[in-house]
Amino acid sequence: PYHLDEPVKDVRAVLAALGRPVVGVGISAGANLLLKLAHADPRLFAKLVTVGAPPSDFSRAFHPSYLERHKTDLEKQDVSGVVRSHTELVFSEPEMRELREQTIRSRLLLPCETILSFFDPDPGKDVMPLLADIRLPVLVTHGRKDRLLAFAAAEQIAAGLPNAQLYAFEDKGHLPIFTATDEFCEVLRRFVRTGTATV
C-alpha cells in the first residue's frame, strides 16, 4: 500500500530542496496530492493546475457504470478486468487506442498485489475539506467528455477554492494532455504568464 499521504511527503521533500515556489501540475489523483500539499505548505507553490481531479476517493463524481463494474471485478478478484475497465475509461478516445493497449499490457506485468493496492480505499484522497483554505491561484481543468469522472467533479473542486478558474476541454476525455496537447500547452502558458486561462 502506498496511500496518498506517503507521496505527499516525498514530493514535499523534493520541492523544498528546490528552494523556490513552482507551478504544480497534477493529473488525476496527482492533483489531489498537490492540493493536499498546497494546503499543508502553500509556500512551495506559485500556482496550481489540476487535470481531471477527483474530489475524493471513489466519490459520486465517478460514473456509476464504472463504479459498479469496478466493484464487481474487485469482488471476483479479476485483476485483468479491473485494469482493463479503468484504463479504457482513462484512455477513452479513439486516437488513444495504441497507448491504451500499451498501458494495459504494462500494468498487467505488475504483481497482482501492486495492481489491487492502487484501488484500495484511501480516505486521504478527499480534498474537499481542504479547499477553502487554499488561497493560491488554481486552474481547474477537465475534459467535458471524461468517461471516468464527470465534469461535475471539476465544478465541485473549483467552487470550493477561493481563487480558482475552471477550464473545460470540449469533446475531450480524462487526459486532454494527450488529445488536446496544443490547447493544453497554450492554456497552461497563458495561466502561468498572465494568471488567466482565457484570452
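Is F169 buried or exposed? At 0% relative accessibility, F169 counts as buried, where buried means under 20% relative accessible area, exposed over 50% and partly exposed in between, with a 1.4 Å probe and protein chains only. The model is a predicted one, in which local features need pLDDT of at least 70 and side-chain atom pairs count only at pLDDT 80 or more, while totals for chains, interfaces and linings use all residues. Residues are numbered from 1 along each chain as its sequence is written, and side-chain values use heavy atoms, leaving out hydrogens and water.

Let's start with the sheet. Four strands make an open sheet in the order β1-β2-β3-β4, and the pairing is parallel. Strands (E, at least two residues) and helices (H or I, at least four) are DSSP runs numbered from the N terminus, and two strands pair if DSSP finds at least two bridges between them. β1 (22-27) and β4 (164-169) sit at the edges with a single partner strand each, so one side of each has no neighbour in the sheet. On average, neighbouring strands here are turned by 15° against each other, direction ignored. Axes are lines fitted to C-alpha atoms, for helices over the stretch in contact, and angles run from 0 to 180 degrees between N-to-C directions.

Zooming in on one pair, β1 and β2 (residues 45-51) run parallel over six bridges, and G24 stands opposite L48 in β2. Helix α2 (residues 29-40) packs on the sheet and touches β1 and β2, its direction making about 155° with that of β2; contact means heavy atoms within 4.5 Å.

Now for the rings. Rings of Phe, Tyr and Trp (its six-membered ring) pair if their centres lie within 6.5 Å; planes under 30 degrees apart count as stacked, over 60 as edge-to-face and the rest as tilted. By this rule there are five aromatic pairs. F62 and Y66 have ring centres 6.1 Å apart and planes at 35°, so this pair is tilted. F62 is buried at 10% relative accessibility, and Y66 is buried too, at 3%. Y167 and F169 make an edge-to-face pair, 5.0 Å centre to centre with 70° between the planes. Y167 is buried, with a relative accessible area of 14%. Along with F184, Y167 and F169 form one aromatic cluster.

Charges turn up over rings as well, which requires NZ of Lys or CZ of Arg within 6 Å of the ring centre and within 35 degrees of the ring normal. The charged end of K125 sits over the ring of F118, 5.7 Å from its centre, and that of R144 over the ring of F151, 4.3 Å from its centre.
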